[in-house]
Amino acid sequence: MLLNVKHLSTHFISSKGVLKAVDDISFSINKGEILALVGESGSGKSVTALSLLRLIPNPPGKITGGEIVFENRDLLKLNPEDMRQVRGNRIAMIFQEPMTSLHPILSIEEQVMEPLIHHKGIQRTKALNACYQLLEKVHISDPPIRGKSYPHMLSGGMKQRSMIAMALSCNPSLIIADEPTTALDVTIQAQLLELLKDLTNEMGTSMLLITHDLGIVARYAHIVHVMYAGKIVEKASIETLYSYPRHPYTMALMASIPRIDQDCRKKLTPVQGNPPDLFNIPKGCAFHPRCPKKQEKCMEETPKLIPLANNHETACWIYE
Amino acid sequence: MTRHKQNNTGKFLTNDLQWKRISIVRALFKHKLSCIGLIIIMILLFMAIFSPFLAPHDPNEQNLYHVLEPPSWDHLLGTDDVGRDLLSRIIYGSRVSLSVGILSTLFSGGIGILLGLIAGYRGGIIDMIIMRITDTFMCIPGFVLLLVMAAAIGPGLLNIIIVVSVLGWTGFARITRGQVLQIRELPYIEAAAACGASGFRIMFRHLLPNSAAPLIVTASLSIGSAIMLESGAAFFGLSIQPPTPSWGKALRIGYSYLEIVPLFSIAPGLMITLAVLAFNFLGDGLRDILDPQFRGEIQRNK
């Protein structure tokens, strides 16, 4: 097991109260596995990712509890210097906006080279060569030329490719991809994800894929965790999740996806209601105000993950 | 692809570096005001560095038979009250003004930028402490401090540099902090942290270069105001002591003979004005050039 997160909670403290962005979640990733974390905006996916790297701005944020065991070490117990050696080196991150995630006044090669020189202590000339190889690997043509360009000279797809090259540069064992393709158009999305999948496969890297695009999940992930209001409400392999969604929220999500064989005059089926205010999470199951199958118990007690068949778990009282 | 690696890597590298340097210099020359400023500054620097070769006479050689003479072929700007060649003294005087301007800006910029970076990046209590110290320093009146320093350690050039640095860093600190606060939240800074960059590295490699534009402008303007302060101090005898030639000093002595030889005070006054103006022009020009929009225009025109 590469990464084992146990009872992780990340809270933000503000004048309005305590915001439980991530509330007691546990999950694990094996070597070479692609785990997708899905959920609406504000469900705590990105905060989970940043918590893993301990990059939560503090104050106001704070990891209030849990364990993050990565390569047999608890990341929450590392000193800042050791933690820095993990970031970019063992765990790399790909951000959602390639447009703004690159340093605007350094050339691409300079940026791709940086982690190599910094973490691995490789000489500049050697790092430059390695950088060209990486750029070639992510299908950027003519690395010596493109490498000299500055981010504003490249297209969104190229920037994201450079980001991927950067993430892969130190050969990390885990890549966190936080909505890696949100800002890109559909063809480029497909190309990039295909590339990421191939490269991670080739290098045996695991990936935590954060997205709200269920299409991407179906195609690229092995295991899916659905998040709602800072909690994981359903865990399953993709085959199971797409054929037998169990949590009412997952079901509603699946129902909301437009189908290609559907009558186009028919209206889309949205998930009823609004995401909860995180300062004011409903008592009991956070989903109960929007849930079509709610019972008395849902308003009182918070459900725990209940194991079903095929490593499938869901947090809903109806399976009790 | 390998072809490029073998043949073109070196070539592209030099081309690119050349291009970068040329584009900023070219932009400076295209911008009229900054071009004028730059030329004046270069002339002044030339004067300061090569003054022994440029000055027609020894600036300290007195000749009491030729006192307060009007311009002649031997003394192009005439002579001063003890018969020294005014032109030579003005040429040598550029050394004092420029070194005060540049040195004090280096010191004040160094302190200010460092503290501003730390305040902006660390935030919280450290930020508060640094900024309150900055506020305190802003309350110190420059000329009074200068007088105190002169009384304490005697008048001299060092005083001026200390005073300008002690008072000037606040501007740098505030501007740097403001820039850092703005840039700190951008995704590429977070990305740098996610790549494992240390705080030091983030501050100096990521935050500083991206907030450099207004700092360069401030530095240029700060050189101008340091020259002014030095001249003012020299006027009151608080700066470098005679016989070392200084513009402010010449202005002060010439002022007494304004009705007999007006050039004696006009010439150094004009030099002070020119020098300050040149740095201000350069500052203005740099502000325009370092503005990304303007830079874009230049690239498009190319």
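The expected span of a helix is 1.5 Å times one less than its number of residues. Keep that handy for the first view; everything shown here comes from a predicted model.

**View 1. Helix α7 of chain B, from end to end.** This helix covers residues 157–184, 28 residues in total. From its first C-alpha to its last it reaches 39 Å, close to the 40 Å expected at 1.5 Å a residue. Look for G168(B) along the way: α7(B) bends there by about 30°.

**View 2. Strand β9 of chain A and its cover.** β9(A) spans residues 223–228, and six of its six residues are buried. In a regular strand, side chains alternate between the two faces of the sheet. Here both faces are covered: one side carries I223(A), H225(A) and M227(A), while V224(A), V226(A) and Y228(A) sit on the other.

**View 3. The strands that pair with β9(A).** Strand β3 (residues 34–38) of chain A pairs with β9(A) in the parallel sense, over four bridges. With β10(A), residues 231–237, the pairing is antiparallel and runs over six bridges. Y228(A) stands opposite K231(A) of β10(A). Two residues lie between the strands of this β9(A)–β10(A) hairpin, and A229(A) takes a positive phi near 50°.

**View 4. Where chain A touches chain B.** Here 26 residues of chain A are in contact with 20 residues of chain B. On the chain A side, α2, α3, α4, α5 and α6 each supply at least two residues. α4(A) gives the most, with three. Sorted by class, that side of chain A has 12 nonpolar, eight polar and six charged residues.

Methods: Residues are numbered from 1 along each chain as its sequence is written. Chains are lettered from A and ligands numbered from 1 in the order in which they are written. This is a predicted model: local features need pLDDT of at least 70, side-chain atom pairs count only at pLDDT 80 or more; totals for chains, interfaces and linings use all residues. A residue is buried if 20 or more other C-beta atoms lie within 10 Å of its own, exposed if 12 or fewer, and partly exposed in between; C-beta atoms are placed from the backbone. Two strands pair if DSSP finds at least two bridges between them. The bend at a residue is the angle between axes fitted to the seven residues ending there and the seven starting there. Two residues are in contact if their C-beta atoms, placed from the backbone, lie within 7 Å. Ala, Val, Leu, Ile, Met, Phe, Trp, Tyr, Cys and Pro count as nonpolar, Asp, Glu, Lys and Arg as charged, and the others, Gly among them, as polar.
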